[in-house]
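This report describes one protein structure for a reader new to the subject. Please keep the sequence and the model in view while reading.

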Amino acid sequence: MKVKHISLLLAFFSFLFTTHAQSSKSKQISTDLFGIFFEDISYAADGGLYAELIQNRSFEYNPGDKDAWAQNRSGWNAFTSWNYTTKGYGYGDISIETASPLHNSNPHYLVIKVEEAGTDGVGITNSGFDGIAVKKNEQYNFSAFIQNLSGNALAFEIKLLNKKGDTLALDSFKTNSDFWKKYTATLTATADDDSCSFAILCKTKGKFAIDMVSLFPQHTFKNEPNGLRADIARTIADLHPQFMRFPGGCLVHGDGLDNMYRWKNTIGPVEERKEQKNIWGYHQTAGLGFYEYFRFCEDIGAKPLPIVAAGVSCQNSGGTWRIGGTDKEQFRWMRCSRMFRMYWI
């Protein structure tokens, strides 16, 4: 019996030695295994990688974005991140309307009636995503769609303000169209500040509608329009990822079939993209959409790994789990992806 035990022990140690010797040999590992997994969670897109500085720029936030048990659900609406501004003895009325939107995919817009402009004007102020960070001498591109509703030309001022209310940047423009029209201007910051707000003020008595109020740093990653934050994008690029998975997992399946991430709703002019609830309890503007993801992959030399819905809603969707077909949409996506690739080549 002892001989058998010794033989077994020798065989066991021989196996261990052979296994260790084999494992100590180096093996070639594919470089394609190292990449980035991106999920739009915790404001990773809007307020994160996407360089837009204005939160709720199109007044599309609504309580349904939040989970039913969220404590701050009642404070989450079309006015979130905005404050009605009436300094300098000005006054008027403000409302959210849907009768004549800029685009059907973007149904809500703001209407302001200025009864008296006062010395400083009447308008709105946006606090951004926990404040708007600006750098001295850097330029910021403003744009907004405005429709005159009172027939007269209107004068506007746009400002970057610090917490004390001091003006760090200022510009002005006039509107003259009875139809939706895009207006642009450039702000240059006079100081560094990480907690600014943005104000747009009407200096003329009258009535107007406004939508898609946007402020972008002029210096985005690779200076791309509708681009990405240069610092965050550079940090990702410096990892030299071989692929990038986007836009997420649970985000793609969504909170029920109607909330699935539909890639075709995330391309084209940003004012025509369809915004919706983010399953992680907030809102997604689709400003960072499939086109921008593919462009970023090209800019950093990573293979795009887009995630599309498999036709089932996410297990986190709180009882809305269902199955639905998305095959036609995915075939369209594959054709679109080939077009992107031909364009890049």
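## Terms and basis

Two residues are in contact when heavy atoms of theirs lie within 4.5 Å of each other. This is a predicted model, in which local features need pLDDT of at least 70 and side-chain atom pairs count only at pLDDT 80 or more, while totals for chains, interfaces and linings use all residues. Residues are numbered from 1 along each chain as its sequence is written, and side-chain values use heavy atoms, with hydrogens and water left out.

## Overall picture

The protein has 6 helices and 16 strands; helices (H or I, at least four residues) and strands (E, at least two) are DSSP runs, numbered from the N terminus. Of its 345 residues, 47% count as buried. Here buried means under 20% relative accessible area, exposed means over 50%, and partly exposed lies in between (1.4 Å probe, protein chains only).

The protein exposes about 18400 Å², and carbon and sulfur atoms supply 55% of this area. Accessible areas come from the Shrake-Rupley method with a 1.4 Å probe, and for residues only the protein chains shown count as cover. Among contacts with a separation of 6 or more, 73% are between residues 24 or more positions apart.

## An exposed loop residue and a buried strand residue

K205 lies in the loop between strand 11 (193-202) and strand 12 (206-217). With a relative accessible area of 56%, K205 is exposed. Not counting residues up to four places away in sequence, K205 touches V114, E115, A117, N152 and L154. K205 and N152 are 53 residues apart in sequence, yet their C-alpha atoms are 8.9 Å apart in space.

R245 belongs to strand 13 (residues 243-246). R245 counts as buried, at 15% relative accessibility. Leaving aside neighbours within four places in sequence, the contacts of R245 are I36, F37, F38, E39, L305 and I307.

## Nonpolar cores

A nonpolar core is a set of buried Ala, Val, Leu, Ile, Met, Phe, Trp, Tyr and Cys residues joined through side-chain atoms within 4.5 Å. The largest core has 36 residues, and those with the most contacts inside it are F142, I146, F198, I200, F208 and L215. Apart from it lies another core, of 29 residues, among them Y50, Y293, F294 and A302.

I200 has contacts that include G123, I124, F142, F173 and I210, where residues up to four places away in sequence are not counted.

## Aromatic pairs

The structure holds 20 aromatic pairs. Rings of Phe, Tyr and Trp (its six-membered ring) pair if their centres lie within 6.5 Å; planes under 30 degrees apart count as stacked, over 60 as edge-to-face and the rest as tilted. F37 and F243 form an edge-to-face pair, 6.0 Å centre to centre with 70 degrees between the planes. This pair links distant parts of the chain, with F37 in strand 1 (residues 36-37) and F243 in strand 13, 206 residues apart. F37 is exposed, with a relative accessible area of 57%, whereas F243 counts as buried at 14% relative accessibility.

Y43 and Y282 form a stacked pair, 4.2 Å centre to centre with 20 degrees between the planes. Y43 lies in the loop between strand 1 and helix 2 (45-49) and Y282 in strand 15 (residues 282-284), so the pair ties together parts that are 239 residues apart in sequence. Y43 is partly exposed, with a relative accessible area of 28%, and Y282 is buried, at 3%.

Why is helix 5 (residues 290-300) largely enclosed by the rest of the structure? Of its 11 residues, 8 are buried, so helix 5 is largely enclosed. The buried residues are F290, E292, Y293, F294, R295, F296, C297 and I300. Helix 5 is followed by G301, whose phi is positive, near 70 degrees. Ring pairs also link F290, Y293 and F294 into a cluster with F38, F246, Y261 and W263.

A search of the whole structure finds 10 salt bridges, each being a side-chain nitrogen of Lys or Arg within 4 Å of a carboxyl oxygen of Asp or Glu. E292 is in helix 5, and R273 is in the loop between helix 4 (250-253) and strand 14 (276-278), 19 residues apart. E292 counts as buried at 4% relative accessibility, and R273 is buried with a relative accessible area of 3%.
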